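Reader: I'm new to this one and would like to go through it with you slowly. Could you start with the words you will be using?

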Amino acid sequence: MSATLQQVVNLARIGFKGPNAAAWLGEQGIPLPERANSWCVTGDDEQDICVRLGASEFLLERGDGNALRKLQAEIAAHIPGVYPVLREDCAFVIAGDAADDVLAQMCNVNFAALRAEAREAVMTLMIGVAVTVVPQGNAAQRRYRLWCDPTFGDYVWSSLNEVAGPYLIDTKSPGGAR
Amino acid sequence: MKQLRCPLNGVRPVSEFAYAGEVRDMPDPDACTDPQWADYVFNRSGVPGVKREWWCHIASGYWFIAERDTARDAVIDTYPVEKLREVHRA
Amino acid sequence: MMYRLPQREGEWIDRTRSLAFTFEGVRYEGFAGDTITSALSAAGVMILGRSFKYHRPRGILSFANHDVNAIFQVGPVPNVRGDVTPLADGMEVLAVNTVGGLQSDRAQWIDRLGRFLPVGFYYKAFNSKRFFPRWERLIRNLSGLGQISVDAPRLQTPKRYAFCDVLVIGGGVAGEAAARAAAATGAKVMLVDESTRVSAHSADGVDVLTSSYVAGVYADRWAAVIEPHRMTKVRAGAIVFATGAIEQPIAFHNNDLPGIVMAGAAQRLLQRHSIAVGRKVLVVTTHRAGYEAAVALLDAGLSIAHIVELNSTSVAPDLSSLLIQRGVKVVVGDAPIEAERNAEGCVAAVHFAGERIDCDAVLMSGGWAAAAQLLLQAGGKTAFDDAAQMHLPSELPAGCFVSGAINGLFNAEAACMEGRTAGRAAAEFASATVPPSGSSIIARSSSPVAPSPHRRQDPRGKDFIDFDEDLQVKDIENAIHEGFDSIELLKRYTTVGMGPSQGKHSNLNAARILAGKRGLSMDQVGLTTARPMYHPVPMKHLAGRGFTPERATPIAPRHSDAGAVWMLAGNWRRPEYYMREGESREQCIAGEVAVVRNSVGLIDVGTLGKIEVHGPDAGAFLDRAYAGRYSDLKVGMTRYGLLLDEAGTIVDDGVVARLHEESFYFTTTTGGSAGVYRDLLRLNALWGLNCSLVNVTGHRAAFNLAGPRSRDLLSAMTSVNLNDGAFPYLGVREGIVGAANARLLRVGFVGELGYEIHVPHSHAQRVWDGLVEQGRKFDLRLFGVEAQRVLRLEKGHFIIGQDTDGLTNPFEAQAGWAVRMQKPFFIGQRSLRLLERRGPRQLLVGFEIENAVPALKECHLAIDNGEIAGRVTSVTYSNTLGKTIGLAMIKPSLAVLGTKLTFRVTDGSTVTATVCPTPFFDHDNQRQKFGVAA
C-alpha cells in the first residue's frame, strides 16, 4: 500500500457564482456539469475540470491560464447575475491505493464508496477544515483532488503528511495534478 | 453519532452541521406590542414534539430545514428553504 | 492444578515456537498463540492476582475477559487484560493489587477483617471530614490496578473511520453464519470478534477484525471498534448483534478460590490452548452447559469427579444418563455449601449437604446473562424470559438484528440457522433505498433452564456475587434491608456491577436476590444500564491522533523573521508585538505606537473577515442585515457597519465598501468571520433577495499601512491616485499595488492617515515585502495587535467582545450614530425602538488619569457609594498623551463629563479617574482625514 501527496501550484483557477453563472459560462463555451456537486472535464484530460458546487457556483481549474484570464476579463464588465469568486485555494492531490486509508483517518465521508463514473464533488469537513474533494481516476488507480482555504493550507498539508507518512513513496511539492 | 440528510450534500454526520434553532414566524415589527416582540426574541419552546429547525451544512454554507421529533430524537424530513417559503405563501 | 495436555487437534497454539516471559520475577515459557493467562495456567500458576477489597488470592474465573482476576502490569503498561492479550517473548508480567508481591501480599490481613467492612462501608465510615484524608491515603494505597509510568513515551494512536453495509458483532456460530449470509448477498460485511481467530475470513467476502471489540454503539448504527492498536469508528447500514451470553457464577462459601472456574472457561482453555483445568474435576451446574462441559472434558481424557445439579429435576436428562453410563457420578437437587482450600490456597474439596467431594478444579455453570449491553446502547429493549431464565431482546431498533445466545439460542444448529436469517435480513435492510422502519425478532427456541436455585446464605459470607468489587450475598441482602431496595439504589450503594466488568457476571444474580427478597418478578426489578465502554478502553485509543485546526496568513513566515511574539486569536496566530533586542515588551509596543503616530507602521490584518455581496438587491440586503444604510452609499466609498442580533445587541462590526452599483465588499471582526458569514447566508436564504454572498476571508490578505507617511510610501508602489481629492478619507479604490490587483480602503481605526491594502493571498508576500522595502526610507516598523489596541484606544474606538458584551446595545456603546432607525427594517430595529424608549442601563465612556497606573486592569470594578457601578473595559498608558486612558462601562448617572470615577484594583486599593470626551487623541480626526505634514 502506498500513497503520493502533491501540492498543486501550476494550475490556474477561477470561480463564478450567481443565478446566471451557468448560462453565461455555457455561452463562453465552457462544458458544465449538469448536476449540483459534480464535475466534468473541460480540456484534454482530467487535469482541466469544472466543478459545480451546489446549484449555482462553479470552480474552474486549468493548466492553460489564458482561457481563464479571458473569462476574468469578460467578467470585469459586470455581467448581470454572474459574480466572480476569488479562488486562492491550496490544492492537493492524494493518489495511490492507500489514498482511501489516508482520507479515512481524516474525514468521515466514505470516499471509497464513490463511483468514479458518477464524477461527484464532495464538500465536507476534514480535520476540522472545510474542503472540496473530487475523486478521479478509476477504482484501481484512485486519485483525489482536494481544495481548502489557503490560510489552512499549511495545517492541512502537514496533517496529510503526518497521516500519510507510513504510506508515502514520493512527496512532491510543488507539482501538478496530472 | 447521528446522521442528517442534507438536501444538497446527502447523508452526513451531524458534526458537519450547525444549528440555528426553530423556524419561527417573526411578528410584524410595526404592528406587534412590546410584550409580543419580547416573547418572539427571548422565549423558545422546549416542549418535546415535532420541530421545524434551521440547519446549515458548514462546508458548503447550505441552509435547509429539518423537521425533527425531539421526543423520539428522530429526524422526520429535511428540505430546502425554498419549500419553506412556498409553504408560507400558501 | 492446571497443566498442558499433549498436542490436540484444532488447538490455537504453535508448539514449535516457545516464548519466554517472567511473572512476578519467575521465568516461564509458553507458546505462540497463548495469552498471558493461558501461558500461566499451562505452567501451573493458579494465583494470578489479589482481589480488589479483601486481597484474596484469585485465579482464572471466566477466561473470557469478563472479570478482573487476570489483570496484569506488563512493563510500563498497567491494566493489561491477560485473558485476551497474546503472550510475547520477553514480557515482564506483574500481578496487580498486591503489597510486596502476589504470594506474600502484606495486605491479605484485610480478608480477616471482612466483617468490619460491611456494605456501604465508605458511606458509614467517612462522614468525618477530619479523618477522611487519612482514610483516603490508606485506601488509595491498598486498591487500584497497576502503576502508571509518568515517563512512558507519548504514542500517536491513529483513529479512522470505516463504513460497511452490515456490521456483525461476535464471531461465534451465529455471528459467523450471519456474516457469511450477508456477504453472499453482495453486502460489504465487517465482523468483529474479541478472539484472536474466528472461522469466517476474507475469502467469504467478510472483513474480519479479530482481537477487537465493539466498545459502544451509538445513534444511527455508529460503533466504536477497538482494535489492538487503534480505534475505528464504523458506520453500519445494519448491525447483527451476535454478542452471545455470559455464563454466571454460583454463590457458595469460598466460591472464589483459585481452581474454581466457569464451565466455559474450562472449555476454552481446553479447546484453544490444550490446558486441563485439573486432574479431578467437579461440575456444579444449573444449566445444560455444565453437562456439555463435562462431556467435552471427559472426551479429552480428564477425570470428572462429580456433577452436582442444583435443580430438583435435571435440565439435561439425556446428557445426565450419558455421563452416568461413562462412569460419572451425577447428583441432582444438591447445592454446594463451602469450598475447602489446600496449602497453596487453591480449591481442594467442596462440601455439600450430603457429602464432601475431593477435587482440584470446580466448574460453575449458573445459567446465562444475554450479552445485550451493546444492543441496549443502540436503543433495544429486553424482557426477562422465565423459560430461558435470561433477559432476552424484546424490541429492536431499526436496522438492528440479533442471533444466537443473546437471543436465548444455545443450540449450534439453531443459532446457525438464525444467524443466516439475521444476516440476510440485515443485508436487505442496508441495501434498501427506503429502509423498512423496523426489524423483527426472529423466533427463538431457548434451551430449557430451571429457575434459579435457592442459594442459602452462609453466615461466614465470602460467597461472592461480584468478583470485581468483592461483594458477597450478604452485602446485597444487607443493602436491601437498609432500604436500598431498587436496582439503581442497590447498585450505587453496594457498587455491584460498577467494577471494570460492569456487572457482566454479577448484575443478574444481584437482581435475582433483590427479586427474591422483595417478592417481585425479574421484570419488576429491572436491570441497570451498562453504558459504553463494553470493556475498558485504553485512553490512548480514545484520544487518538489529535487535529487542531490552525490558520496562518501568508505573511506568517515574515512575522517570525521579524521577531513576532505570537498570540492566539481564535484559530489564528497573530503577532502580539515584535521583539527587539534589548527592549522590554512595553518598550517594543510603545515604539510601535510611536512610529505609527510619527511616521508609518504596517500591520497584518488578514485575519479580518472579508465578504462580498453581489446582485441587484445587494444594497437592500445590507440595509436589512446591518444597522446602517448602504443602499445610498456612493460607489467608491465605505461606511462603518454595525451588526446586531434580534435583541438589539451588538454582535459584530466592520467596514462596508461599495465597489460597484451591485457589488459590496465588507469586513468583519477576526473572531466573527465564520459565524457572520453563516448568519448572513441564512438571512439571504430566508429573505430570498436577489443577491449572492462570497466569503473571501482566506483568499484575500489584508494589511493596514498607517501613519503620516503612509501616502508617501504607498504612492511609490501604486498607480492609484492617492490625493485627498481623488481618494478621500473613507474612500475605496481598486488598482495595482506592486504587481497585484488590490483593493485600497482609507480607514481610520488607528487615527492616522492610513490605507487598508487587500490583495489576493498568492500576491501577499510580494506586496508586503515591497512595502517593507519602500518603508526603509520612512523608518517603517511592523506593529502588532497590542500596539493597535493602544492606537485605537487613543481614538476611543471600542472592540466588540472586549468593550462590549453579550448585552450591550448600540446606544450604550455610544454608537447610536451608526444606527439608522428610520430605515423600514433591519435586524434588531424593533428591539432598539424599545430600548431607546427605556434609556440605557449602562454607558461606555472614556476616562483619564493624569499619571501611569499599572495596577489598573480591564475588568476592575467601578465603585459608587459602596455599590458596583460598572467596570473598566480597556485601559492603557498612552505615551502619546502622557496619561492613562481607558473605556469603562458604567451606570448612566456617572457617565457625565468631568465625573470622578472610583475603581477598585486587585489589591483592594482604589484609583480615581475622570470621565472625559473621546477620542482622546486628535479629537476632530484631522489626522486620519487629511494627514499631517511630516
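Author: A residue is called buried when its relative accessible area is under 20%, exposed when it is over 50%, and partly exposed in between, using a 1.4 Å probe and the protein chains only. This is a predicted model, where local features need pLDDT of at least 70 and side-chain atom pairs count only at pLDDT 80 or more, while totals for chains, interfaces and linings use all residues. Side-chain values use heavy atoms without hydrogens or water, residues are numbered from 1 along each chain as its sequence is written, and chains are lettered from A and ligands numbered from 1 in the order in which they are written.

Reader: OK, are A:Glu117 and A:Arg115 buried or exposed?

Author: A:Glu117 and A:Arg115 are both exposed. They form a salt bridge with each other, and their closest N and O atoms are 3.5 Å apart; the term stands for a side-chain nitrogen of Lys or Arg within 4 Å of a carboxyl oxygen of Asp or Glu.

Reader: And how many salt bridges does the structure hold over all chains?

Author: Over all chains there are 57 salt bridges. One of them joins C:Glu29 to C:Arg27, with 3.5 Å between the closest N and O atoms. C:Glu29 is partly exposed, at a relative accessible area of 43%, whereas C:Arg27, at 55%, counts as exposed.

Reader: What about C:Arg789, which residue does its side chain meet in a salt bridge?

Author: The side chain of C:Arg789 meets that of C:Glu786, at 3.1 Å from N to O. The two residues lie three apart in helix 21 of chain C, about one turn of that helix; helices here are DSSP runs of H or I with at least four residues, strands are runs of E with at least two, and each kind is numbered from the N terminus. An α-helix has 3.6 residues a turn, so residues three or four places apart point the same way.

Reader: Changing topic, how many residues does the contact of chain C with chain A take?

Author: The contact takes 35 residues from chain C and 29 from chain A. Between them the two chains bury about 2700 Å², 59% of it on carbon and sulfur atoms; buried area is the accessible area (1.4 Å probe) that two parts lose on being put together, summed over both. The count of salt bridges between these chains is two, and C:Arg551 and A:Asp149 meet in a salt bridge at 3.1 Å, N to O.

Reader: Which strands of chain C each supply at least two residues of the side that touches chain A?

Author: They are strand 9 (159-169), strand 34 (609-614) and strand 38 (692-695) of chain C. Strand 9 gives the largest share of that side, four residues.

Reader: And chain B, how many residues does its contact with chain C take?

Author: Chain C gives 19 residues and chain B gives 24, and the area buried between them is about 2000 Å², of which carbon and sulfur atoms give 55%. The rule finds three salt bridges across the interface of chain C and chain B, and the side chains of C:Arg830 and B:Asp34 meet in a salt bridge at 2.8 Å, N to O. Helix 18 (673-687) and helix 22 (829-838) of chain C each supply at least two residues of the side of chain C that touches chain B.

Note on methods:
Contact = heavy atoms within 4.5 Å.
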